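Please read it alongside the sequence and the coordinates.

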Amino acid sequence: MHQNPTQISGQPLNRPFSTAMRVLLFYAISVIILISIDLVKLDRSPEATALNLLLIAALSYLLNIVFLNRDHITPAKAGIAPNRGTAVRLVTGLLIGLCSALLQPISLLAWGHFKLEWSAPEIQTVFVYIAIYFFAALREELVFRSYAIEQLRHQFGSRLSQVLIMIIFILEHRASGMSWTASVLGSGTGALLFGFARLRTGDIALSLGIHFAWNFGQWICGFKGSPGVLRAVVTPGYAHQADWIGYLAFLFAMAGAAIFIHISFQKQIKPNS
């Protein structure tokens with residue numbers, strides 16, 4: 001049977017420049033969706049934020065479908081089609097993310113100039129923030145680790161595709177108001193772990209679980225700029241040291257998570273597939 005020389009595994013062999021331009025167009029549209037929905041939001045309550053993020057995630061999924069159809073890539077190839085292992089990978093990701101998130105407060109508590117206080121949130125508030133951090137993580141996984149990383153991986157390979165996605169991920173978080181330190185050490189390292197999980201398993205279930213659980217765990221401990229279930233209290237004069245202990249604990253947690261994923265999951269994506 002004659003095979004079209006311009007395709008491998010159903011994907012067009014495009015030149016690097018055209019691939020990069022399509023991925024940038026995909027990302028630009030995703031940012032327009034994000035900004036547009038935020039601009040029309042009249043209610044700034046957490047409940048409204050959760051609903052807006054749900055809408056943004058849904059539109060990000062549809063954006064993937066449009067670009068995937070255009071480039072003759074299946075949703076399964078892009079990692080967004082559930083299969084029989086999805087639930088297990090998602091739960092595993094949740095456990096990895098929560099364990100990683102707990103390492104920061106444990107390290108700070110062992111240091112001694114830090115304590116956690118009960119902030120007594122209402123139960124409905126907790127569920128609203130579960131929705132907020134789940135849909136925020138889902139949107140980012142759909143934007144960065146579905147069509148975009150699949151196209152870049154196919155053209156440039158797994159390692160370079162992760163670096164390129166990491167750079168965009170860092171810049172988006174910096175544009176959202178994060179410091180360069182938090183954007184590079186926090187978001188950049190997270191991007192590498194999430195990308196590794198996605199490419200190792202072949203879909204976004206594991207990376208989504210880690211991503212959501214990490215951010216929600218941070219909120220629980222009061223590390224998101226306001227009290228969560230707990231309130232983080234640092235002894236006056238020790239904030240700078242607390243920040244760096246937190247970063248070191250985070251980097252250690254990310255490294256441990258990557259080693260666990262490497263050992264526990266066989267690589268599902270082969271080079272040039």
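The largest cavity holds about 40 Å³ of space. On a 1 Å grid over the protein atoms alone, a cavity is a set of points where a 1.4 Å probe fits but cannot get out; grid points are joined across faces, edges and corners, and a volume is the space filled by probe spheres set on the points. This is a predicted model, in which local features need pLDDT of at least 70 and side-chain atom pairs count only at pLDDT 80 or more, while totals for chains, interfaces and linings use all residues. Residues are numbered from 1 along each chain as its sequence is written, and side-chain values use heavy atoms, with hydrogens and water left out.

**Cavity**
- The structure holds 1 cavity of 30 Å³ or more.
- Val23, Tyr27, Val143, Phe144, Ala148, Ile165 and Ile168 line the largest cavity, where lining residues have an atom within 4 Å of a point.
- Helices α1 (16–39), α4 (123–144) and α6 (158–175) each supply at least two residues of this lining; helices (H or I, at least four residues) and strands (E, at least two) are DSSP runs, numbered from the N terminus.
- The lining of the largest cavity divides into 7 nonpolar, no polar and no charged residues. Ala, Val, Leu, Ile, Met, Phe, Trp, Tyr, Cys and Pro count as nonpolar, Asp, Glu, Lys and Arg as charged, and the others, Gly among them, as polar.

**Second largest pocket**
- The volume of the second largest pocket is about 240 Å³; a pocket is an open set with protein on both sides within 12 Å along at least five of seven lines.
- Of the 15 residues in its lining, Ile80, Pro82, Leu138, Ile204 and Leu208 lie nearest the centre of the pocket.
- Helices α2 (46–70), α3 (86–111), α4 and α8 (205–220) each supply at least two lining residues, and α2 gives the most, with 3 residues.
- By class, the lining of this pocket has 12 nonpolar, 2 polar and 1 charged residues.

**Helix packing**
- The axes of α7 (residues 180–201) and α9 (residues 239–264) come within 10 Å and cross at roughly 10°. Axes are lines fitted to C-alpha atoms, for helices over the stretch in contact, and angles run from 0 to 180 degrees between N-to-C directions.
- Helix α7 is therefore roughly parallel to α9 (an angle under 35 degrees).
- The residues in contact (heavy atoms within 4.5 Å) include Leu185, Leu193 and Phe196 of α7 and Trp244, Phe250 and Met254 of α9.
- The contact of α7 with α9 has 13 nonpolar, 5 polar and 1 charged residues.
- The axes of α7 and α8 come within 7 Å and cross at roughly 155°, so these two helices are roughly antiparallel (an angle over 145 degrees).
- Leu193, Phe194, Ala197, Arg198 and Thr201 of α7 meet Leu206, Ser207, Ile210 and His211 of α8; by class, this contact has 5 nonpolar, 3 polar and 1 charged residues.

**Overall fold and dimensions**
- The chain has 9 helices and 4 strands, in the order β-β-α-α-α-β-α-α-α-α-α-β-α from the N terminus on.
- The radius of gyration of the chain is 19 Å, which agrees with the value near 19 Å for a compact globule of 273 residues. This radius is taken over C-alpha atoms, and the globule rule is 2.2 Å times the number of residues to the power 0.38.
- Along the principal axes, the C-alpha atoms fill a box of roughly 70 × 45 × 35 Å.

Notes
Angles under 35 degrees count as roughly parallel, over 145 as roughly antiparallel, 65 to 115 as roughly perpendicular and the rest as oblique.
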